[in-house]
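Dear colleague,

I am passing on the structure below, and after it I have set out what was found, element by element. Please read the notes with the model open beside them.

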Amino acid sequence: MEYQANYSIWDGLYYHPHLFGGIMLTAALLGLSTSYLSGIACFPTIPYMLPYLGNLQKQKSGKKRIRVYMDGCFDLMHYGHANALRQAKALGDELVVGVVSDEEIIKNKGPPVLSMEERLALVSGLKWVDEVIANAPYAITEDFMNSLFKEHKIDYIIHGDDPCLLPDGSDAYALAKNVGRYKQIKRTEGVSSTDIVGRILASMEDKEVNGESNEMSRRSIESHSKSKHASNFLPTSRRIVQFSNGKGPGPNARVVYIDGAFDLFHAGHVEILKSARQLGDFLLVGIYTDETVGQQRGAHFPLMHLHERSLSVLACRYVDEVIIGAPWEITKDMIATFNISTVVHGTVSESESTLNGMVDPYSVPKSMGIFRILESPKNITTTSVAQRIKANHEIYEKRNEKKEASEKKFYEERKYISGD
């Protein structure tokens, strides 16, 4: 896999809470203005020099590169998964990720929502991932652990501070702990796959009409309400810094712009972003407000709110920058502000070309001759993923009840752990 290095030092992020009326928030690192330093001829900004200097020091000292391993199901992948892998990468130099097989997930947790192909695309698309091992076992067996150490040259096995128990109640990472090759990271608060399934089940209310379906929706919403504590995401500027790239477009860069809801981030999103990035030097992604998405798709949407969706997009290796709360209509002023060369839109989309009588959002870039339709590599959509859960709602409702109980216990007993 081709690895594209991205550093977690942030230069600037644009925030547009309603249409294009927003503010630009700039991180001042080391008390110095990066824009001031970059204006000095032949002098790179200090944030960009730090990773370079670190690499020089590492090469000079001749230290062995540390390879770390983290595995997971990565079903309904969200920014919590991405943050876990970001933390894991920080514990070494190269991150190898194991994606658990469909068969192992069925045996230990129940049927996955996403296929192995889709889960591999999502994991491979993360900026912190160097290598991926498909069909990894759910439990770290002695044979698999030895293959990690010998064949894949793994130094440490990583997992979160939340317990990972096998059906018999034993610790899935006991062997790694016993040999002293285990390291722990913090679980990301405020999100889980269980919580997301609950949101999807709750959204079923929109289309249910008969008594039986209404009863099913009522139970889904009650279940979702009970897990509200698990979805209490608190966005911070520090988390945005950790997910962001540390660079802006060069003076002659070809800036490509693509916008959308990017709700329930899936393999189709990864592939269209990859295709868009190949058209230029810098990919700017506009993420619609919750209000805009709700007007398009109904009161229960988006399933993930604006900041959650922004972090998921920022974690993608093909994305250079995002506009949080992008305008529905692309204006000439916006194109000039961001120096946009090309505006693209995929062939697979859940957004209508008009919204409550509004004009075509792409009318300006079309009139300027910079608009382009991009063939979507996959047909998957947020709705199609949600439909998989709705089609098997009884299975997922039962699984969620059990998972919500264990998550509630975890949050009640958890204590502060430094470092993330």
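**An enclosed strand and its neighbours**

In this predicted model, six of the six residues of strand β8 (residues 255-260) are buried, so the strand is largely enclosed by the rest of the structure. The side chains of a regular strand alternate between the two faces of the sheet, and in β8 the residues Val255, Tyr257 and Asp259 point one way while Val256, Ile258 and Gly260 point the other way, all of them buried.

β8 is paired with strand β9 (residues 282-288) through six bridges, the two running parallel, and within β9 it is Ile287 that stands opposite Gly260. Together with helix α11 (residues 267-277), β8 and β9 make a right-handed β-α-β unit. β8 is also joined to strand β11 (residues 340-346), again in parallel, by four bridges, and there Tyr257 has Val343 as its bridge partner.

**The five-stranded sheet**

The model also holds an open sheet of five strands, in the order β5-β4-β3-β6-β7 and with parallel pairing. The edges are taken by β5 (131-136) and β7 (182-185), each of which has a single partner strand, so that one side of each is left without a neighbour in the sheet. On average, neighbouring strands of this sheet are turned by 30° against each other, direction ignored.

Within the sheet, strand β3 (residues 67-72) and strand β4 (residues 94-100) pair in the parallel sense over six bridges, and Tyr69 stands opposite Val96 in β4. Helix α3 (residues 79-90) packs on the sheet, where it touches β3, β4, β6 (156-160) and β7, and its direction makes about 140° with that of β4. Helix α6 (residues 142-150) packs on the sheet as well, touching β3, β5 and β6, with a direction that makes about 120° with that of β6.

**A helix pair**

Two packed helices are described by the angle between their axes and the distance between the axes. For helix α8 (residues 193-202) and helix α16 (residues 382-391), the angle is about 85° and the axes lie 10 Å apart, which makes α8 roughly perpendicular to α16. In this contact Val197, Ile200 and Leu201 of α8 meet Ala386, Ile389 and Lys390 of α16, and the residues of the contact divide into five nonpolar, no polar and one charged.

With best regards

Key: Residues numbered from 1 in each chain as written. Predicted model: local features only at pLDDT ≥ 70, side-chain atom pairs only at ≥ 80, totals over all residues. Heavy atoms only, no water. Buried < 20%, exposed > 50% of the residue type's maximum accessible area, 1.4 Å probe, protein only. Pairing = 2+ DSSP bridges. Right-handed = clockwise from strand over helix to strand, strands pointing away. Axes fitted to C-alpha atoms, helices over the stretch in contact; angles between N-to-C directions. Parallel < 35°, antiparallel > 145°, perpendicular 65-115°, else oblique. Contact = heavy atoms within 4.5 Å. Nonpolar A, V, L, I, M, F, W, Y, C, P; charged D, E, K, R; others polar.
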